[in-house]
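Visitor: Hi, could you walk me through this one? I'd like to start with a strand pairing and then get to the ligands.

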Amino acid sequence: MRIFDVVVIGAGPVGENVADRTTAAGLDTVIVESELAGGECSYWACEPSKALLRPALLHAEARGMPGLNPDPLDVAAVLRHRDRMSGHWNDQSQVRWLREAGITLVRGHGRLAGPRTVEVTGADGAVLRLSARHAVAVCTGTRAALPPEPDFSALQPWTSREATSATRVPPRLAIVGGGVVAVEMATAWRALGSRVTLVVREPGLLPRTERFAADLVADALRASGVELRFDTTVTAATRTDDVRLELSDGEVLCADELLLATGRAPRTDDLGLETVGLRPGSWLLSDDTYAVLGVTGTWLYAVGDVNQRALLTHQGKYQARIAGAVISDRARHLPLDRGPWSPHTGTADRVAVPQVVFTDPEIASVGLTTADAANQGRDVDIVDYDLGLVAGAHQHSPGYVGRARILLDPARGTVLGATFAGRGVAELLQSATFAITGEIPLDRLWHAVPAFPTLSEVWLRLLETYRDTAAPLRTGR
Ligand SMILES: Cc1cc2nc3c(=O)[nH]c(=O)nc-3n(C[C@H](O)[C@H](O)[C@H](O)COP(=O)(O)OP(=O)(O)OC[C@H]3O[C@@H](n4cnc5c(N)ncnc54)[C@H](O)[C@@H]3O)c2cc1C
Ligand SMILES: NC(=O)c1ccc[n+]([C@@H]2O[C@H](COP(=O)([O-])OP(=O)(O)OC[C@H]3O[C@@H](n4cnc5c(N)ncnc54)[C@H](O)[C@@H]3O)[C@@H](O)[C@H]2O)c1
């Protein structure tokens, strides 16, 4: 038995940040990792996927630019770049960082064994018992969730792990799903040479995104040669050499590889949750301080993907900073500030979660969508603008296609949500995040002058559109 102040299970980006904050506050912290320090994000998610996408997106942009006539993509060089950006699936640099930050790393599979206790089973089967004086933080993330039927297990399907680490370009790639992983991987592998077909059970892509933005991505994917089959499911699947999928519309789809991009499941099935009265395999729902609901005392925390609040690296790291402050201040018997936007409350999870979908065009969004507002019965004014009309877009690239939408609180005159679709909009996003979290009144936004000629001029055009619209489009009650 070894005793620490804090035990963190899972050394993904979120666990590392919780441990960093508690260590910085003087708490003796151990982190337990069963695979690679750095987590899914570093090796099989954000980093490798963006390393595949960046050359693809840049190449597509260069092809449309006068004076640039790029050679075809060098596929081998792109895959080498991806390998480099994933640290060649070696976590030495992360291990060094943990050591330099003063965090103890224990390798092995962690399981709760009652309150404040974690048992770690190492590769040799030896079990180490860890006891936490103050807190256990579960940061075990998610794995790909596979559809329950038909049974795909005998087909050796790709999940996001294979889709981001594959070393060979499949001539034909079938993708089930229409979410973020599906559209990003369709974009990347199409650019690398695969013939890609998406089988999507919904009538469109990206169910949680503004329709106009998802439709622009669908149009662009089709234009690049990707086949989109909406309102379609797989009814039967077999594999000989090829994967053979029978579809609900009666057609048969054959491919060399099948990617199942059908969402995520929490990594809590073998975590000893039953020893603390929780159900194995469930999401670990937490309050705004990230303390797990349904557990007595304030010693168990769930941070990052595993709490299902926002499955994004940056938002999980935000949660980690807050959970770290909560754990440290509770350990020092300091009072917590539970008000909104305080150091101990994860307000942004509910109000302003930014996300960029790295497709061509990119989608950058934060805060409410039109569908969210309607679902919440909330009055919002909707302002749209054709991003292709701003001078910055003309300079950006010929024939620029894009669109922007902001949602406004009519009573307070503040921004509640923003979605931008178009090339290069990722870097516009923080301006919208500032506007929402700062609750900046429109009267003041008029004084935030966008530089000419940049894509940011869309902010001015949106304000002008709102000013000049006698009866803005309103959704809600
Ligand atoms: C293909 C893909 C692309 C993505 N791209 C982006 C992006 O561009 N931007 C973005 O913000 N987000 C992106 N995401 C989401 C992002 O990867 C996750 O939000 C992020 O990894 C969550 O971090 P985490 O630390 O909570 O979990 P993880 O990164 O999953 O880390 C959890 C860690 O816990 C370890 N672990 C699990 N169980 C145990 C146990 N019992 N004992 C010991 N260790 C354990 C795991 O081995 C792992 O290292 C992407 C996801 C996918 C699938
Ligand atoms: N750029 C980014 O920020 C980025 C990139 C990739 C992933 N992510 C994160 O990773 C998470 C997971 O992404 P994802 O694309 O796996 O999930 P998702 O929830 O975005 O999409 C899942 C898709 O699979 C479909 N689906 C689910 N079950 C199905 C079934 N049984 N049969 C057929 N279709 C089914 C859904 O209808 C949906 O179209 C996302 O929440 C996202 O936040 C982020």
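This is a predicted model: local features need pLDDT of at least 70, side-chain atom pairs count only at pLDDT 80 or more; totals for chains, interfaces and linings use all residues.

Visitor: In which sense do E8 and E14 pair?

Guide: Parallel, with four bridges between strand E8 (residues 172–176) and E14. Strands pair if DSSP finds at least two bridges between them; strands (E, at least two residues) and helices (H or I, at least four) are DSSP runs, numbered from the N terminus.

Visitor: Are the E14 residues buried or exposed?

Guide: All are buried, with Glu257 and Leu259 pointing one way and Leu258 and Leu260 the other. Buried means 20 or more other C-beta atoms within 10 Å of the residue's own, exposed 12 or fewer, partly exposed in between, with C-beta atoms placed from the backbone.

Visitor: OK, ligands. Which residues come nearest to ligand 2?

Guide: Pro147, Gly177, Gly178, Gly179 and Val181, out of 24 around it. Near means the C-beta atom, placed from the backbone, lies within 6 Å. H7 gives the most to that shell, four residues.

Visitor: And why does ligand 1 lie between domain 1 and domain 2?

Guide: Because both domain 1 (2–38 + 91–143 + 266–348) and domain 2 (153–262) give residues to its shell. Those bounds come from an automatic or database domain assignment.

Notes: Residues are numbered from 1 along each chain as its sequence is written. Chains are lettered from A and ligands numbered from 1 in the order in which they are written.
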